[in-house]
Number of protein chains: 2
Amino acid sequence: MSLVIVGSVAFDTIETPGARRERIVGGSCTYSALAASFFTRPGIVAVVGEDFPKTTADFLKKRGVDLKGLTVVPGGKTFFWEGRYGDDPNQRDTVRLDLNVFRDFQPTLPPSYRAPDILFLANISPGLQEHVLAQVKRPRLVAMDTIRHYIETEPEALDRVLRKTDICFANDEEARLMTNEGNLIRAGRRLLERGPRLVVLKKGEHGAFVFGRDSLFGIMAHPCEGVVDPTGAGDSFAGAFLGYLDRVGNFRASSIRRAAVYGSVLASFTIEDFGIERFKTMKPADVEARFAALKKLVSV
Amino acid sequence: MSLVIVGSVAFDTIETPGARRERIVGGSCTYSALAASFFTRPGIVAVVGEDFPKTTADFLKKRGVDLKGLTVVPGGKTFFWEGRYGDDPNQRDTVRLDLNVFRDFQPTLPPSYRAPDILFLANISPGLQEHVLAQVKRPRLVAMDTIRHYIETEPEALDRVLRKTDICFANDEEARLMTNEGNLIRAGRRLLERGPRLVVLKKGEHGAFVFGRDSLFGIMAHPCEGVVDPTGAGDSFAGAFLGYLDRVGNFRASSIRRAAVYGSVLASFTIEDFGIERFKTMKPADVEARFAALKKLVSV
C-alpha cells in the first residue's frame, strides 16, 4: 500500500444556517481517503461499529479505497460528532461527541500496510499516531494533522510526533494554538522549527500556505459562491495533496505546488454538498477542469 | 495630468496593540498618491488647513505628486481621524473624527486636471464624487472607493457614481454592506451588475479579487510577519493599481493582473510602518523585488 491513512470514520450530525443533516458519514479518514482516491489507491486504518452502512463501505471500495485496515467492532457503535456552523463557515461549535468504538481504538496495521511510501496520520490522538509510527518501516514521507483538543491535552506527545513528521497540516486556528503566535506567517515558520520540512497552513475560504525551509507557496481557495457544508474541507485538502504526491512519486517543489492546488480543488468540491455526497457525483475530469481554472485564477 | 486622485488628506492618531502615534499625516489621497508615485506622476485634489506641514507637501512633491489641486484653507484645520486597531488588523474602530476644513470641501479641479486619462474618486462623499465627475471630460477610466459611512448615509448617490464607474474598489466589509450579500464572491458579482466593469475586492491579509464580466483574478497578500499599522493599505493598493495602469497605458487583462499584484505589493510596504513613513525609505527596486517575490509565491 503506497498511501496509508490513519484517522477517524464517523457519523456526523451537521447544522448550518441553512439546513441540518442527521448522522451522515464523515470522519477525517473518510474525507481524506476519498479525496486521495482521485489520484491513487489509498488504504485506510480506522474503526467503525456494526452500525456502519455497507453502502458506504462499498462506495469507498468502488472509489479504489482499500479497507483491509478498517476494523468493524461487533456490537459496537461508530464514533459520532455533532457540529454547528454559524454564518462564518470557518467557525464551528461541537454540540456533541460520542467516542463509542473510537474510545478503545488501538490501530493495528495489516502486514501489507507496514511499508507505505506515504503515511498520513490524520485526526487521531498523538499517542495513537506514535503507536502507528512504531509499526511501520520508515516511509518516504510522514504527514500529520491534529485538532484543538489534542493540542490542548497532549502537547508533549504532539511534539514528539511533529519531530518525526515531514509534512504538518494545520488550519490557522490550530497553527496559532500550537505556537502561541498570532501572526500566521510567523506561526508557520515556528512550526517548521519543530521538525517538519513542510508546513501546510489551511485558511479555509482564504486558501493555504505551504511553508518550506527555503520556500513559501500560497494558493487561494477556489472561489465558492455558496458553501453548503464546510466539514471535511481540510481533510480533503490533505488527502488530495498526499494522493497527488503518491501518484507523481516525487516531492519536488513543483510537485508540492501542484499538490497544494489539487488540495484546494478537492476541498472546494467537498464543501459544495453535505458530508461526502459531492464525491459521489464529481468526476476526474471535473477535478482537472477546476485545477486549470484555479491555476488561471492566480496566474500573473 | 494623466492620473488625478480626489480624496482626503488628514491627520491620523492611530493606536495599535503595540503602540500609539499622534497626529501623523494620512488620508486616502495621500496614501494612494504616494503609492501611485512609484509608477506615474499623479495630481491630487484635496483640502488641508494651515496646520498642514510643509515638510509633507515637500515630500509629496519630491515623490512626483502634483499639488496644484491641493487647497490650503487659511486659518483652517486639517481633517482629523483617530482610530484604534485590535489584535485583528482587519478590524478597527473610529475613536474620533473632526471634519474641520473637509466639512465645506467642494473640490474644484485646476484646468489642467480636467481631462485625465484616469480619475480616481477616493474616499470622499458620493455627492462630491459626482461633483468631480461633472467637471471632467470623460476619462478613459473612472475608479472609485468609498467607506461604510457613505454606504449607509448616501446609498442613492453612491449608486449613481457606481453607474459611471469603470473600477470599483471595496474591502470585504464594504462589498458585503453594499450588496447585502454575505458571500464575497457573490458580492463581487453583484457589484459588477451595478455598473463597473471591474470590481476589486480587497481582503486585507488575505489578498484581493479582481472581478471582471468574464474574468476573475485572485492575488494573495505579500506575507507579512508583523503588521505595524494597517492604515492606508487599501488606499495604497488602489493607488498602485491605477498608477501602474496609467504607466502602461492600456487596460488589457494581463495589465490588470499585474496592476493588482503591484497593488498588493504597495499595500504590503505601507503596513510595515506607521502612516506614510515606509514611503520615505522604500525604493523602486524594493517594489520590483517584492513584485517578483509575490509572483513567485503564487506561481503554480
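In this predicted model, Pro126(A), Gly127(A), Gln129(A) and Glu130(A) of helix H3(A) meet Ala157(A), Leu158(A), Arg160(A) and Val161(A) of helix H5(A). By class, the residues of this contact are 4 nonpolar, 2 polar and 2 charged. Helix H3 covers residues 126–133 of chain A and helix H5 covers residues 155–163 of chain A. The two pack at an angle of about 35°, and their axes are 8 Å apart. H3(A) passes H5(A) in a left-handed crossing.

**Helix pairs**

Two packed helices are described by the angle between their axes and the distance between the axes.

| Helix pair | Angle between axes | Distance between axes |
|---|---|---|
| H3(A) and H5(A) | about 35° | 8 Å |
| H3(B) and H5(B) | roughly 35° | within 8 Å |
| H8(A) and H9(A) | roughly 140° | within 7 Å |

In chain B, helix H3 (residues 126–133) and helix H5 (residues 155–163) cross at roughly 35°. The crossing of H3(B) and H5(B) is left-handed. On the H3(B) side the contact is made by Pro126(B), Gly127(B), Gln129(B) and Glu130(B), and on the H5(B) side by Ala157(B), Leu158(B), Arg160(B) and Val161(B). These residues divide into 4 nonpolar, 2 polar and 2 charged.

The remaining pair in the table is in chain A, where helix H8 spans residues 233–248 and helix H9 spans residues 253–270. Their axes come within 7 Å and cross at roughly 140°. H8(A) and H9(A) are therefore oblique to each other. The crossing of H8(A) past H9(A) is right-handed. Residues of H8(A) in the contact include Ala233(A), Phe237(A), Phe241(A), Tyr244(A) and Leu245(A), while those of H9(A) include Ser255(A), Arg258(A), Tyr262(A), Val265(A) and Leu266(A). By class, the contact of H8(A) with H9(A) has 14 nonpolar, 6 polar and 1 charged residues.

**Chain A as a whole**

Chain A contains 11 helices and 13 strands. Its radius of gyration is 17 Å, close to the 19 Å that the globule rule gives for 300 residues, so chain A is as compact as a globular protein of that length. The C-alpha trace of chain A spans about 55 × 45 × 35 Å along its principal axes.

**How the two chains meet**

How many residues of chain B are in contact with chain A? There are 22, and they touch 22 residues of chain A. Four elements of chain B each supply at least two residues of the side that touches chain A: helix H7 (184–193), strand E13 (216–219), helix H9 (253–270) and helix H11 (284–298). The residues on this side of chain B divide into 10 nonpolar, 6 polar and 6 charged.

Note on methods
Residues are numbered from 1 along each chain as its sequence is written. Chains are lettered from A and ligands numbered from 1 in the order in which they are written. This is a predicted model: local features need pLDDT of at least 70, side-chain atom pairs count only at pLDDT 80 or more; totals for chains, interfaces and linings use all residues. Two residues are in contact if their C-beta atoms, placed from the backbone, lie within 7 Å. Ala, Val, Leu, Ile, Met, Phe, Trp, Tyr, Cys and Pro count as nonpolar, Asp, Glu, Lys and Arg as charged, and the others, Gly among them, as polar. Axes are lines fitted to C-alpha atoms, for helices over the stretch in contact, and angles run from 0 to 180 degrees between N-to-C directions. Angles under 35 degrees count as roughly parallel, over 145 as roughly antiparallel, 65 to 115 as roughly perpendicular and the rest as oblique. A crossing is left-handed if the near helix is turned anticlockwise from the far one by less than a right angle, and right-handed if clockwise. The radius of gyration is taken over C-alpha atoms; the globule rule is 2.2 Å times the number of residues to the power 0.38.
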